[in-house]
Amino acid sequence: MSPAARAFFEAAPYVAAFVIGALIPRRSSVLERLAVGIVGALSVLALKGLWPDAAAPVTEKADEWPHLLNVVVFMPFVGAIALLFLPRQSPKFLQRFTLTVLGLNFFVSLFLLGATMTRGWHFQYITEWIPSLGIRYHVAIDGVSLWMVLLTTFTTPIAAYVAFGSVRKRIKDLCFAFLLLHGAMLGAFVALDLFLFFVFWELMLIPMLLMIGVWGGLERIKAAYKFFLYTMIGSMMMLAAILYVVWTHYELAGYLTFDYLALSKVTLPRTAAWLCYAGFSLAFLIKVPVFPFHTWLPDAHVQAPTGGSIILAAVLLKLGTYGYIRFCMGMFAGPAAHAATTLAGLVIAMGIFYGALVAWKQDDVKRLVAYSSVAHMGFVMLGVFAATQSGVEGALLQMINHGVSSGALFLLVGVIYDRRHTRMVREFGGLAKVMPVYAAVFILITMSSIGVPGTNGFVGEFMVIMGTFASNHLGAFSHLHGGLAAAGVILAAVYMLSVVQKMFFGPLTNEKNANLSDMNVRESVAMAPLIALVFLIGFFPSLFLNRMSDSVTATLDRYIEGRIAWSQGAGAEGASLRERRGGPLETGYPLPPSSTRAVAAMDGKEAH
Amino acid sequence: MDTSLMSSPGVMMLFGLSPILALGLGGLLLMLAEAFGRPVVAHALEAQAIGAQPAGPEGQIVDAGAGRAAELALGAAVILFAGAIFSVALWLVGPENVTATERVAPYLLIDRFSVFFSFVVCLGGGIAALLAGGYLPEHRIERGEFFPLLVFCTLGAQALAAAGDLLSLFVALETMSLGVYCLVGLRRTSVRASEAALKYFLLGSFAAALMLFGAALLYGATGRTDLAGIGEAIAGLSGDGLEGRAAQILIALALLIVGLAFKVGAVPFHMWTPDAYEGAPTPTTGFMAVAVKTAAVAVLLRVLLVVFADERLGSWGTGWPPVLATIAVLSMFIANFIAGRQESVKRMLAYSSIAHAGYVFIGVVATSRSVDAQASVLFYLLTYTVSTLGAFGALILAGRYRAEAVSYEDLAGFGRRHPAAALAFSFFLISLAGVPPTAGFFGKLYVFKAAIQGELYWLVVLGLINSVIGAYYYLKVLVFMYMREPKPGAPFATPMRSGYVATALVIAACFVLGLGILPDTALEAAVAAVLGG
C-alpha cells in the first residue's frame with residue numbers, strides 16, 4: 001500500500017459521509033447541503049472517536065490489505081443506507097445503483113483470490129467493539145469461507161438482475177432488501193467472533209422475510225412466517241449455547257470473550273457439550289435443511305420471487321453447512337464425531353432418498369427444484385459427516401455447485417413462470433419446439449444437477465462419495481453409506497430427466513404454449529456466467545480445490561484431535577481449557593484485557 | 001469547577017439533588033404557566049367549531065389549556081431532559097463524591113443506582129412529553145394539566161428509585177401513581193378511558209394498601225423504617241427472635257412483592273394492564289409502560305437486595321427467588337400467548353410490556369446468584385424504555401384525529417404508502433423482538449448471559465423460547481404494514497404531521513441504534529450503577 005492510497009482510504013469514510021449528507025436534503029440550497037454534509041462527516045468522526053481503542057493489531061501480511069474484508073462486507077450496507085435517500089420515483093436509477101454496488105462488490109471480492117491460501121487466517125482484521133463484554137470485531141477468511149464469500153458476491157448480482165426483470169412493484173424496498181441481505185450474508189461468512197456472527201446471522205432474517213412476504217406468491221405470508229419462526233427457534237437455541245460456552249470460558253480463563261479462536265479451546269463437561277452441540281446443530285440443520293426440519297424450505301422456495309429463491313438456494317442454505325463445518329465441528333468435535341454416523345444415515349435416507357422421491361412426485365417444477373435441494377444438500381452434509389479430506393473438499397465444492405445449478409434452475413423456472421404464470425408440469429410439453437435455446441440450457445443445467453461427467457456436479461458428488469467410502473469416522477457403515485449415496489445419484493436422474501421429458505419433448509399439446517418467446521437478452525445474460533461456471537468447475541476443479549485444501553486439512557486435524565480427546569474421556573471430569581499451540585490458526589487470539597479501562601469497568605469505581 | 005464552590009455543602013446538596021429539584025421546580029413553573037397563560041382563542045374556536053359536528057366517542061374538550069399543548073409539551077420536555085442531563089452531570093462527578101446528600105439519607109439515597117434510574121425515567125418522561133405534544137392537539141384533548149402531572153409523576157418515579165426508607169418509598173409511590181391515574185382518565189368523555197382509569201385506580205389503591213400493610217408488618221417485626229436498618233435487623237434475627245417473627249417477615253415479603261408486581265404489571269397481577277393501557281391516551285400508555293415499570297423494578301431491586309438480602313430469604317429453598325422465577329415464567333408465557341391473539345396493536349403492545357416484565361424478572365431472579373445480573377436488569381430497562389416508547393410513538397404517528405391506528409387492519413398497506421413511518425415502526429418492533437443490531441437484542445443478550453452466569457439454564461431456555469413466540473406478533477405488524485393491502489373501502493392509517501412526534505422518534509431511534517451497535521458506555525454505566533457494587 002502506497003502512502004497515497006492509504007491516505008485515500010483513510011479519508012474515504014469522511015468523504016462518503018459528506019457526499020451522502022449533501023445529497024439528503026430535497027430542493028435546498030448549496031449552503032444547506034454543505035451544512036448537512038459537514039454534519040455527516042463530523043458524525044463519522046464522532047463515531048470513530050467513540051469506537052473503543054483498537055486491540056493489538058495483527059501483523060500485516062505483505063500481500064493482504066487488512067481492510068479488504070471490511071470493504072467487501074460494508075460496501076452493501078453503505079449502499080443500502082445511501083439507497084434510502086434516493087428518489088423512489090425513478091426505479092431504473094435505483095436498479096442501476098443496486099447492480100453497480102453489487103457488481104463493484106463482486107469485483108472487489110475478486111482481490112481475495114490474490115492471496116495464497118495457506119493454513120490459517122487471511123485478511124484478518126480485529127478491533128475492539130464492546131470491550132466490557134469482550135466482544136471484538138474480528139473478521140478473517142480461510143480456504144473454506146473464501147469460496148462462500150465469492151459464491152455470495154457472484155450470485156447476488158445475478159439474482160438481483162433477474163429479480164429486476166420480473167418484479168414491477170416497490171423497487172426501492174427490493175433494492176434495500178437485496179443490499180442488506182447481501183451484506184449480512186457476507187458478514188456471517190467472515191465473522192470469527194461469535195457475537196458478530198450471530199448479529200449477521202439474525203440480520204439476514206428480516207430482508208429475506210420481506211422478500212418472501214412482499215414479492216411472493218399467493219401463500220406468501222404463511223411461508224414468510226414459517227421461514228422466520230423456524231430459523232428463529234434454531235438461532236435462539238444457538239444463542240443459549242453461545243452464552244454457555246462464553247461463560248464456561250470465563251470461569252476457566254478469567255476473562256470474557258466471544259472469540260471463536262478462544263471458545264474452540266474450551267472442553268465442556270459431557271452433558272453440556274452434547275446440549276451445546278445440539279443447540280448449534282439445530283440452528284444449522286434447520287438452515288441446511290435436514291429432515292425433519294426441512295418443511296419450511298419448499299414453502300419458502302415456492303412462494304419467494306425468482307430472485308429470492310436464487311439467493312435462498314445458492315447462499316442462505318450454505319450458511320447452514322458452513323456453520324456446521326466451522327462451529328459445530330470446530331467447537332464440539334467430540335459430540336459431532338459421535339453423532340456423525342447417525343446423522344450421515346439420516347441425510348442419506350431422508351435427504352438423498354426421501355428428498356429425491358418427494359421431488360419426483362411434485363407437479364410444480366419449483367417445488368421439485370426445492371425438494372431436489374434437500375437431496376443435494378444431503379450430499380453436502382454427507383461429505384461433511386464423513387470428515388475425510390476428499391469428503392469435505394467435495395462437500396465444499398458441492399456447495400458451490402449446488403449454488404450454481406439450483407440457482408440456475410430457479411432462474412429457468414422463473415423464465416417459464418413469467419411467460420405462463422404457472423409452473424405445473426402438466427401444462428407443458430414439447431416446449432423444445434418453441435423455445436429451443438431455453439430447452440438446451442435447461443437440459444444442460446439438468447446434466448449439471450444430475451452430475452454428468454464434464455459438469456461441476458460430477459466432481460462434487462464423486463468426491464463426496466469417495467470420501468464417504470473411505471471414511472473411518474463413519475465406522476463399519478462407511479462402505480454402506482458410500483454405496484447408498486451412489487445409488488442416490490440415480491434417483492436424481494430419475495426426477496430431473498422425467499421432468500425434462502415431460503416439459504420439453506413429446507407433442508406440443510397445450511395451445512397456450514404455441515407462441516411462447518424464447519429466452520430474452522436479460523435472461524441469457526444472467527444465465528451465461530452460471531453456465532460458464534458449470535464447465536469451469538467441471539473441467540478445472542483444482543482451481544477451487546487448491547485454495548481450500550490447506551484449510552480443510554487444518555479443520556480436519558483439529559476435528560480428529562477433538563474426537564480422539566473425547567474418546568479418551570475429555571470433559572468427563574468437568575470443563576477444561578486446551579493449551580494454545582500458536583501458529584497461523586491462532587493469530588489474533590484474544591488476550592486477557594490488561595488495560596486500566598477494563599479493570600476500572602470491572603470493579604465499578606470509575607464510571608467511564 | 002471552583003473548588004470553594006465544590007466544598008460548600010449547600011451547593012453540593014443542591015447539586016446532588018439537582019435531578020429531582022429540576023423536576024420539582026420545573027413542574028411548579030409549568031403549573032403556573034398552565035394556570036395563568038391565556039388559551040389561544042383561534043385554536044379554541046376551531047376546536048369548538050369541530051365540536052359542533054357530530055361528536056366522536058371521544059368528544060371535544062375546550063379548556064384553559066386549549067391550543068397551548070404544544071408549548072407546554074416543549075416546556076415539559078425541556079424540564080425532563082434537563083433532569084436527565086443533571087443526572088448525567090451528577091453521574092460524571094460521582095454521587096459518592098457528593099457527600100452533602102447524606103443529610104437526606106435514608107429518605108433519599110443519592111447513589112449511582114438512583115442516578116441511573118433518574119436518567120432512565122427522565123428520558124422516558126421527556127420522550128413521552130414530546131409524543132403528547134403531537135398527540136393531544138391532534139386528538140383534541142388539549143388538557144394543559146397533562147404536562148405538570150407528567151413531570152410530577154416522573155418526579156415520583158425518580159424519588160421511588162432513590163427511596164431508602166419505607167415512608168419515603170410509600171410517598172413516592174403514591175406521588176407517581178396518583179398522577180398516572182389522572183393521566184389515564186384524561187379523555188374524560190370517553191367511556192373506555194373512564195373505565196380504564198377507575199379500574200387502574202381501584203386495583204392500584206388495593207395494591208398500595210397491600211404494600212402499606214407489608215411495610216407495617218416489617219416495622220412491627222424490626223422496629224425500623226429505613227431499608228438498610230430493616231435488612232440488618234432481619235439478618236440479626238436468630239433463635240427465639242426469629243421463631244416469632246419469621247411468619248411476619250415472610251408475609252411482609254409476599255405483600256411487598258405483590259404490590260410491586262402489580263405496579264410492574266407481571267402475571268398474575270396484570271389484569272388491569274390491557275384495559276388501562278388501551279383506554280389511556282397513547283403517550284400516557286407509553287409513559288406507564290416505561291417509567292412506572294422501571295421505577296417499580298428499581299424499588300423491587302432495592303427492597304429485595306437491601307431488606308431481604310439475608311441468605312435465608314434470598315435462597316431457593318425458603319426465599320423469594322422461586323416466587324419471582326414463577327412470576328417471570330408465567331408473565332412471559334401467558335402474556336406472549338395472549339398478545340399473539342390480539343387484534344389491536346395497542347393491546348398487543350400492552351401484553352408485550354407484560355412479557356418484557358417477565359424477561360426483566362429473569363434478571364431480577366439472577367441477582368440472587370450473580371452480581372452481573374443487576375447490571376443486566378438496569379441495562380435492559382434502558383433498552384426497553386427507548387424501544388417501547390419508540391413503538392408507541394410510531395403508533396401515534398400512524399394515526400390521525402378520529403382515525404387513530406388501533407388494529408392490525410388499520411396498518412395494512414402502511415409500508416407502501418408511508419415508507420419512512422413504517423420503517424421507524426418496524427425498527428422499534430424489531431428491537432422489541434430482540435433482533436440485532438438493535439438495543440433490544442443486546443438487552444436480552446445481557447439478561448440471558450447474567451442468568452447463565454447464575455446457572456439458571458432452564459429460565460434462559462424458557463426466555464429464549466418466548467423470544468420466538470414474541471417475534472411472531474411483532475412480525476405480524478410488519479406483515480400487515482408491508483405485505484397486506486387494506487380491504488376495499490376500509491379506512492387506512494394516514495400519518496399525522498408533527499415535529500414533536502418526529503423528534504421523539506428520532507431521539508428514541510438514536511438510542512435504539514446506539515445502544516445496539518456501541519453499547520459499551522451504557523454497559524459500563526450499568527455495571528457501575530449496581531447496588532453494593
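Chain A and chain B bury about 4200 Å² between them, 78% of it on carbon and sulfur atoms; buried area here is the accessible area (1.4 Å probe) that two parts lose on being put together, summed over both.

The model is predicted: local features need pLDDT of at least 70 and side-chain atom pairs count only at pLDDT 80 or more, while totals for chains, interfaces and linings use all residues. Residues are numbered from 1 along each chain as its sequence is written, chains are lettered from A and ligands numbered from 1 in the order in which they are written, and side-chain values use heavy atoms, with hydrogens and water left out.

In one of them, Asp557(A) pairs with Arg119(A), the closest N and O atoms being 3.5 Å apart. Asp557(A) lies in helix α22 and Arg119(A) in the loop between α4 and β1 of chain A, so the pair ties together parts that are 438 residues apart in sequence; helices (H or I, at least four residues) and strands (E, at least two) are DSSP runs, numbered from the N terminus. Asp557(A) is partly exposed at 35% relative accessibility, and Arg119(A) is partly exposed at 34%. Buried, by contrast, means under 20% relative accessible area, exposed over 50%, and partly exposed in between (1.4 Å probe, protein chains only).

In chain B, Lys449(B) and Asp372(B) meet in a salt bridge at 2.6 Å, N to O. Here helices α19 and α16 of chain B are involved, so the pair ties together parts that are 77 residues apart in sequence. Lys449(B) is buried, with a relative accessible area of 5%, and Asp372(B) is buried too, with 17%.

Back in chain A, His481(A) sits in helix α20 and is buried, with a relative accessible area of 6%. Beyond its neighbours within four places in sequence, its contacts (heavy atoms within 4.5 Å) include Thr341(A), Ile348(A) and Leu474(A).

Technical notes
Salt bridge = Lys/Arg side-chain N within 4 Å of Asp/Glu carboxyl O.
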